[in-house]
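Here are a few friendly notes to read alongside the coordinates.

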Amino acid sequence: MQNVIKRHLTTLCGLMNEVRRRDYWDLAVFAASNLRDTTGVNEEKRLLLEACSNAHACPNAHSDTIDGWLALASVFLKRDGSPYQTVTKKSGFPTTHPQEKERMLGALAELAQDEELIEQLGALRTLPRPRYSQEQWAILEALLAVLPVGVAELQIAFQSQGQADYIEAALRALQSLGSSEEPTDLALAFDYRLQHLLVDEFQDTSFGQLDLLERLTAGWTEGDGRSLFCVGDPMQSIYRFRQAEVGLFLQLQRQGLRNVRLEALQLTSNFRSTRPIIEWVNRVFPGVLSPTDNAEQGAVRYSPSVAALSSTRGGVKVHPSFDKDELAEARHVVKLIRKSLAEDPDTTVAVLVTARSHVGLIASQLHAAAIDFQAIEIEALLDRPVVQDLTALTRALLHLADRTSWLAVLRAPWCGLTLNDLHAIVGNNRASTVNELLARALESSETLSDDGRERVTRVHSILQAALAQRGRLSLRDWVERTWNALGGPATLHRPQDLDDADACLHRLDNIEIAGDLDDAARLEEQLDRLFARPRPENRARVEVMTIHKSKGLEYDVVILPALDRLLRGESRELMRWTRIPGHDGGIVFAPIKAAGADSDPMYRWIELLERERSARERGRLLYVAATRAKRVLHLLGRVRVKETEEGAELREPLNGSMLRLLWPEVKSHFESSVQTKPQQDLFAFAATPSVRVRRLPLQWQPPSADTAVTAKPVNVSDLDAKIEFDWASQTARHIGTLVHRELDRLVRAGADRATPAPNRARLCAELAELGVPPDRCDAAADRVVAAMGQTLADDRGRWLLGLSSQLTEAESELALTGVFAGEILSGVIDRTFVDEHGVRWIVDFKTGSHEGGGLEQFLADEVRRYRDQLQRYARLMKLFRPEQPVRAALYFPLMKQWREVRVE
């Protein structure tokens, strides 16, 4: 915090030279001497004025002088941050001292002309104290004691579910590299191999990603031939919700990357938009974005661009409205789209919104107008009838007492009971489940209509059969089979509905726990993030998406509706923290205040800082939206109108809306439109289509299955099954498996990192997992190490592993399956490669040993024993690589012996 305060005070000192600062301080000391002992001064201001007791302690850039600066601000500025226009005795300047009063009025007049200084003095009031109080430390210590426990619980949840989120993966990546002082083996390996790094979209880098980049380049030195290339546009940094900090880009421009010096290059040519669009953006956005860069506040100044295209077509068009009629705005969007498509058959149109909630009416109007469009993660699947029906069916199967879901199942198109029949079944009976009431209704001859009875009879039998299968199938299979039996697919009328159903069923597959849900009542919440998939077969000329999704894309025509709507603000959190970019930055924590307590100044400062950063990003988000347009940009927004005696008076757009950012530019368009009579909406009298209840015909039957196909039996041979006269023990086989695994690791590590001494503890653990008894693990590990050592010490062994020669298409533990002479063959080849002569080798490693005489006879016996197996491997390989000649061999690493086996 001291660095943050020092940075602010340094800025102030830069705006006030020492003479001016001393003059202002003398006036503040004079006012304080007259106010300290007077009545009517509140305690807070009195404490500030105490800081002026030392006339020689003129405030400077040191953080300990913050109280003096605050006292000075309280003398010169009102509570709203504006400077006093005059001073009186109540201000500390009695009429008995006309000379000091005249000096003060002159200083105030001078201050009134310096808006930046006024802003910086006012910002002092939001700064917290340079040190935590005892109460703050107590709350922080409690939170910091609880958070590690929460992290540990999260780790347990990750392990139990076999899942991890993006943050966990990023943290693991950082841990795998160690620190700059103690790098891991992986970090050293990267340091050896990495020569050039290219980082795209660097404006959206987070602190964690920057930390990763710094660790990857920790060993780099100037002139070592390695390069780092970072590409980004800070005006397009719009991912703060993903922890992106544009201040890091500004920091990199000024200071470089720790030990890597960078050269900043600025590109100005725009190859996307026509000249009218670029000229409008160059004129408007210097006022939308910040006049200066500020890494702490996330402020980025506007950098103008130059049109590389000579076209003067198109431009920016403003469409004002004054009534809060979202339907009328949606219809106006459709009208603009129709006009654009009619003018140019090849044009592309994008409707960009700040939030998905702004799209509902636009999408429905596009459907009603029969305009083909593609929505990118916009249309929530929970709004689709097929997903609503599947959700109701899932909840009904999981919870017999879920009355709403059971009634929805009976009302769904596969059953389609009338409201009269539903009431006849349920009535006022709340003591029984709908499933029980269905059985009673079927037993009664007077309860249901004839049509309803037939429908309930069919559906009830299917549901009873499904309930009998509970716990025997996965949740997806259970629901999907029931849905198919009910005739769910037959109720669909668009091919995309099947995709929607599949997406819903796939989500059920992901969230189920042993064929059930942890909480069936939260099913809709689990499906909330499901969106309609775009159709890949043909890209529509009209696309609807959020501005964030449009990043990097371009369209001939861009429409920005609902600019008057507020963007989501910052929420209050149990503990706030923020990080300040820069080598002198850091992290600041602040706990939320207790209920009824005074607001914590540290928490309030972070809250205001985050609010300021969000406001700055709002301007950049608008910039991204506007610069997607190649030719035409349409702006739609609404302001309120107040009728006065002089006529209609426009109310300014709300703070926090994009329309407020554009108001200086578009205000004249609204003023000229408010007096004119709006044109008649061509869609105003369009008939609203009636909603008809769809249901399967009463005589509907599921389609019959295809004629059964007689399957021809095929023999399956496992080439790795135990061969005849196998003398190897289980332990010996496990040793062989681990030797193959370790040799494969050696091959992947490469010749420069090949070592015959792996971690023995790891070897013993892996042998135990394979089934080697604990009392034999040590001896077995010795044998594994010996086999690896002998292989690396043998010229033939190093050749096999590609450590002494250049082999191609090399594979270890290659699994192959194929059909030969009507028989399915499958096997795993220990080692295969193509040598320098183009011969494909198949090598089977044998980790057995032989003691005593008769070595040649032993090896000949091994060749005979494994010839058939290698012959089948060769057949598989010829099916896999028919153009390559194949040779096979046995390799005995413990004996450094090699025997080629003849194969056909």
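1. Accessible areas here come from the Shrake-Rupley method with a 1.4 Å probe. On that basis the protein exposes about 49000 Å², and carbon and sulfur atoms supply 51% of it. Please keep in mind that this is a predicted model.

2. On the overall fold: there are 29 helices and 20 strands. Of the 904 residues, 44% count as buried. Among contacts with a separation of 6 or more, 73% are between residues 24 or more positions apart.

3. Now the charged pairs. The structure holds 43 salt bridges. One of them joins the side chains of arginine 272 and glutamate 554, at 3.1 Å from N to O. The two partners are 282 residues apart, with arginine 272 in the loop between strand S3 and helix H12, and glutamate 554 in the loop between strands S8 and S9. Arginine 272 is partly exposed at 22% relative accessibility, and glutamate 554 is partly exposed at 38%.

4. Which parts does the salt bridge between arginine 762 and glutamate 742 tie together? The closest N and O atoms of this pair are 2.8 Å apart. Arginine 762 lies in helix H26 and glutamate 742 in helix H25, so the bridge ties together parts 20 residues apart in sequence. Glutamate 742 is buried, with a relative accessible area of 3%, whereas arginine 762 is partly exposed at 30%.

5. Glutamate 900 and arginine 887 also meet in a salt bridge, at 2.9 Å from N to O. This pair links strand S20, which holds glutamate 900, to strand S19, which holds arginine 887.

6. Finally, have a look at Arg240, Glu245, Glu610 and Arg613, which are linked in a network of salt bridges.

Conventions. Residues numbered from 1 in each chain as written. Predicted model: local features only at pLDDT ≥ 70, side-chain atom pairs only at ≥ 80, totals over all residues. Heavy atoms only, no water. Helix = DSSP H or I, 4+ residues; strand = E, 2+ residues; numbered from the N terminus. Buried < 20%, exposed > 50% of the residue type's maximum accessible area, 1.4 Å probe, protein only. Contact = heavy atoms within 4.5 Å. Salt bridge = Lys/Arg side-chain N within 4 Å of Asp/Glu carboxyl O.
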